[in-house]
Amino acid sequence: MRQMTRGPQAVARWSAHNPWRAIGLWLALVVVAVAFSALIPTQETDDADYRVGQSGTADQMIHDAGLAAPDTEFVLITGDQNDAVVAAAELREYLAGSTEVQEVTGPLQSPDGATQLVSIALRAPPGDEEPTIADVDAAVSSVSAAHQNLEFGQTGDVTLDDAINEQVAEDLASAEIISIPITLGIMLFAFGALIAAGIPVLLAVTSVVATIGIYAPISYLVPSEGTASSMVLLIGMAVGVDYSLFYLKREREERRKGHGTLDAVEIAASTSGHSILVSGVAVIASLAGLFVLGNATFNSLATAAIIVVAVAVIGSLTVLPALLVKFGRWVDRPRVPLLWRLNARIGEGGISSRIIGPVVTRPVVALVAGLAVMLALAIPALTMTLRSGGLDTLPQDIPAVAVAQQLDTAFPSEGSSANVVVTGGDPAAVTAALTDVGESAIESGAWTVTQEPLTSASGTTTELRLASTFEQGDTQADNAMLDLRSTVVPDRVDNIDGAQFAVGGQIAEQYDSTKALSDGLPIVVAVILTLTMLMLVATFRSPVIAVVSTLLNLLSVGAAFGVLALVFQHTWAEGLLDFTSNGTVVEWIPMFLLAVLVGLSMDYHVFVLGRIREGINNGLPPKVAVRAGVTQTASVVTSAALVMVSVFALFAAQSMVEMKQMGVGLAVAILLDATIVRLVLLPSILVLLGTRAWWPRRTRTEAPLVPNRQATPAPL
């Protein structure tokens, strides 16, 4: 513990005595990172990265055999049937000589006769380039202009991906623009001075910028998922501001006690700096637990979040002390008169000092009341239903999404699919077996055959394609797919020597992905909790504190999960958050929230517990030490929580349901953690446990952290 404390203090001392070097090194890091992002394109995840279970095996078989279907664009034409058929023919004629198009099929008429479907198979370009659809867009635009009495809609692999990427980029840009002034406003309220308010925001922004650049080369080892940039902004702004806030508040407090700038910086390093280091390592350890799953989404998000946390910690322990030394007492200038006087009038602790009194006086009542609230919020988590993201979790106002929904409704055969793939065995026997599978699938009423058994050029692999008759997300579709795997296909393929089968497709992929997360959840929880408990034991030398903090973390996470179920599995909040509920929570959100929240909650616990322990070590009775520790950290924790909740709330306002769920979950958990947990549950438990909370650590008197020498602030 003492050794770990000396680390931040030694780094801060070097930065304080070499401020221009520290500032120069930080700027160099940011500049190099920006150069990386400009010169090295970020490697994005592809479909192969998401393969899991039997559906992943089927997809691998299909690609290895060269049977993979090309990317396809769909054009829906609604209106007069004869005119629609003519328009479809004009589309085919327009695209006949296009190098982008492999084949145009249709028109296929919907069962109700109201809609014609034209399917456009795209030609795969050389290398790893994505297919282009400039000719398709031009054709649709030209033909629709000539048939204004008809309604045209376009969707497909490329159109849908482009629309989603454009929406995500737009949301992210909006969040970036709004988050900075909001954060700066909270910092102005916290400090009442422009420079003090600007330093945490500057550090957070440069940490985010540096992380995006650093991740560019790393993405060739861990490909970047589409929401990784949002995650960098989300976590980077939160922890970057929080860490600077902890450090800056303690440095100002020590200067008010009469310490010079250098001494104040070193004391802040050995106290708040140590808390920042512990908190950062705890967040990184918690996020690292996600790598256990080997999931492409978790690998990407965890990597991005770990990098931004590490960068924020490094900045807080290096460039921040340097800036504080260079500014000296000018860090409290220029003052905003109203906010400065308001801060002085509120005083230490503010409202928290009024709440903590009754809590430490009646700890049993406070504990029971706090637990009742948290458990009431957590109970709905028992009803949480997880499902993969799909069309119904995308923004419904995106035209390509609306057309895709129309396509699924009007043409069920183009909807959720299943692929039955067999490799090995006698090709004739395999084809006969799969033909029998198709007939049995049709007889069940759960499937239609969209492609009869097709054998690869090598003759080693045969594929049967089916389409579900159930709507996307219907549990009956899952049951029908599982019946294929367990009965229909094995009964016909297992007796063919050397033949191996796999059932894949959209339905199987969603099922396998959700099951993999469900099966991996206990392992991930065990890894995350074990790592964070070990961190807490190493920090406070008390297994009791580690267990109490871990249980409180789980309670906060449970309450956040309960709120997620209440908000997103029902319709009452649709108008408030601008989404359409499908009765589920996106499968990867709860596990990622668990890892992030367990880590982020260390911010408050380590900081508050550190101040309480200072009082215990200086001989204060536990009740007095708890009251003093909570009061002394109240303004910092409140400001830090406001920043996190504000940033997370911005993501609750984004278009993607995944981002909304992440934003709501994080905002609610942090709000509960900074209020009920910090002000009620943690203090009441520590008062009830008394000195037993710190077992087996012996109480001792803290030695002075640094000699009380006065230092003249360095000039600007």
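This is a predicted model: local features need pLDDT of at least 70, side-chain atom pairs count only at pLDDT 80 or more; totals for chains, interfaces and linings use all residues.

Started with the negative patch: helix H6, residues 157–191, gives the most to it, with five residues.

Glu170 sits in helix H6. Is Glu170 exposed or only partly exposed? Its relative accessibility is 49%, so I log Glu170 as partly exposed; the cut-off for exposed is over 50%.

Stayed on the surface and looked for nonpolar side chains. Ile177, Ile178 and Ile182 make up a nonpolar patch, and together they have about 260 Å² of accessible area. I looked up Ile182 on its own: this residue belongs to helix H6. Ile182 has a relative accessible area of 33%, so it goes down as partly exposed, a class that runs between 20% and 50%.

I get 23 helices and ten strands. The C-alpha trace spans about 90 × 50 × 45 Å along the principal axes.

Does the radius of gyration go with or against a compact globule? For 716 residues such a globule would come out near 27 Å, and the protein has 30 Å, so I note that the two agree.

Last entry, burial: 54% of the 716 residues count as buried, meaning under 20% relative accessible area.

Technical notes. Residues are numbered from 1 along each chain as its sequence is written. Side-chain values use heavy atoms; hydrogens and water are left out. Helices (H or I, at least four residues) and strands (E, at least two) are DSSP runs, numbered from the N terminus. Buried means under 20% relative accessible area, exposed over 50%, partly exposed in between (1.4 Å probe, protein chains only). The radius of gyration is taken over C-alpha atoms; the globule rule is 2.2 Å times the number of residues to the power 0.38. Patches are made of residues with over 30% relative accessible area and no salt bridge: like charges are joined within 9 Å, nonpolar side chains (Val, Leu, Ile, Met, Phe, Trp, Tyr) within 5 Å. Accessible areas come from the Shrake-Rupley method with a 1.4 Å probe; for residues, only the protein chains shown count as cover. A salt bridge is a side-chain nitrogen of Lys or Arg within 4 Å of a carboxyl oxygen of Asp or Glu.
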